[in-house]
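Here are a few friendly notes to read alongside the model. Please have the coordinates open as you go through the points.

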Amino acid sequence: MTGFSVEHLTVRRGTHTVIDDVSLSFAPGELVGLIGPNGAGKTTLMRAALGLLPFDGLASLAALDTRERSRQAAWLPQDRDIAWPVSVQTLVALGRTPYLASGRKLSAADRAAISRALARMDLQSLANRTATELSGGEKARALIARVLAQETPVILADEPVAGLDPAHQIAAMKVFRAIARENRAVLVSLHDLGLASRYCDRLVLLDHGKVVADGNARQVLNDARMRAVFAVGGHWSETPGGAIFHPLDGVDP
């Protein structure tokens with residue numbers, strides 16, 4: 001299986017339509033940023049795509065049985081809670097669960113995947129720390145590492161850089177971009193439009209449950225659309241390191 005898609009995806013809560021007839025495809029090799037204001041439906045779209053809540057329409061991942069889906073797609077929710085006082089290494093090892101038969105111990109390949117994930121998130125020095133004792137940012141990095149250890153063709157991550165300091169935000173986005181370059185499909189929801197514009201190959205802008213733009217950052221984050229959807233302006237700056245996007249003051253009443 002390569003990439004994933006949704007077709008005419010619709011999600012309702014009672015009489016309220018949260019996701020309204022959305023059709024999207026996500027190809028291997030691209031890092032896609034899912035953006036939009038609070039309440040736009042980003043989390044709902046991702047959860048429905050994974051079959052984690054009821055929907056109408058088609059979703060390629062949701063059509064898989066549970067075990068196969070866990071081998072094809074890794075999911076990082078917004079929730080940063082860690083329930084058990086296990087070591088960081090043990091937490092990250094949970095990402096290998098889909099590949100373990102009942103009672104089977106971790107193989108050399110599993111341990112190598114865990115080591116790669118710890119290294120990618122700069123967690124080697126924290127591997128033996130109790131996960132519940134980590135700072136909020138460290139927990140976020142550990143949970144990203146758990147997803148990376150799963151080594152699936154598809155990754156969906158909901159606000160993965162929230163709570164990270166700037167250096168680790170940038171590092172995490174670089175990791176997601178590198179993973180996409182390994183011919184995997186990566187979808188991340190983001191509120192930081194600067195990070196989204198700089199590191200994502202493509203942006204999907206959601207508003208009131210509908211896709212209002214889908215394309216590269218320059219196409220999606222134009223001034224008119226920023227004002228219409230986010231009620232703020234936007235400005236592009238050219239620097240020696242590349243283009244940088246800045247949200248600006250809101251629309252005057």
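1. Let's start with Leu 50, which sits in the loop between α1 (42-49) and β4 (56-59); helices (H or I, at least four residues) and strands (E, at least two) are DSSP runs, numbered from the N terminus. Leu 50 has a relative accessible area of 4% and is therefore buried, the term meaning under 20%, with exposed over 50% and partly exposed in between (1.4 Å probe, protein chains only). Contact means heavy atoms within 4.5 Å; not counting residues up to four places away in sequence, Leu 50 touches Leu 61, Ala 62, Arg 69, Ala 73, Trp 75 and Leu 156. From Leu 50 to Ser 60 there are 10 residues in sequence and 8.4 Å in space, C-alpha to C-alpha.

2. A word on the basis of these notes. This is a predicted model, in which local features need pLDDT of at least 70 and side-chain atom pairs count only at pLDDT 80 or more, while totals for chains, interfaces and linings use all residues. Residues are numbered from 1 along each chain as its sequence is written, and side-chain values use heavy atoms, with hydrogens and water left out.

3. Next, helix α6 (residues 166-181). Its 16 residues should span 22 Å at 1.5 Å a residue, and the end C-alpha atoms are 23 Å apart, which agrees; the expected span is 1.5 Å times one less than the number of residues. Buried in α6 are His 168, Gln 169, Ala 172, Met 173, Val 175, Phe 176, Ile 179 and Ala 180. Seen down the axis, these buried residues fall within an arc of 155 degrees, so they line one face of α6; the arc is that of the directions from the helix axis to the C-beta atoms. An α-helix has 3.6 residues a turn, so residues three or four places apart point the same way.

4. What does the buried side of α6 pack against? Its partners are β3 (31-35), α4 (108-120), α5 (136-150), β6 (154-158), β7 (185-189) and α7 (193-199). The face turned away from that buried side carries the exposed residues Pro 166 and Ala 167. At the start of α6, a side-chain oxygen of Asp 165 comes to within 3.1 Å of the backbone nitrogen of Ala 167. After the helix comes Asn 183, with a positive phi near 65 degrees.

5. For α4, the 13 residues should span 18 Å at 1.5 Å a residue, and its end C-alpha atoms are 18 Å apart, which agrees. Asp 110, Ala 113, Ile 114, Ala 117 and Leu 118 are buried in α4. They cover an arc of only 135 degrees around the axis, which puts them on the same side of α4. What covers them includes α3 (88-93) and α5. At the start of α4, a side-chain oxygen of Ser 107 reaches to within 3.3 Å of the backbone nitrogen of Ala 109, and just after the helix Asp 122 takes a positive phi of about 55 degrees.

6. Please also look at Lys 139, in helix α5. Lys 139 is buried yet has no salt bridge, that is, a side-chain nitrogen of Lys or Arg within 4 Å of a carboxyl oxygen of Asp or Glu. The nearest side chain of opposite charge, Asp 81, is 6.2 Å away; Lys and Arg count as positive and Asp and Glu as negative, with His and the chain ends not counted.

7. Finally, Ser 197 in helix α7 is buried, with a relative accessible area of 10%. Its side chain reaches the backbone oxygen of Gly 194 at 2.9 Å.

Note on methods: Polar contact = N/O pair within 3.5 Å; in protein donor to acceptor, adjacent residues only side chain to side chain.
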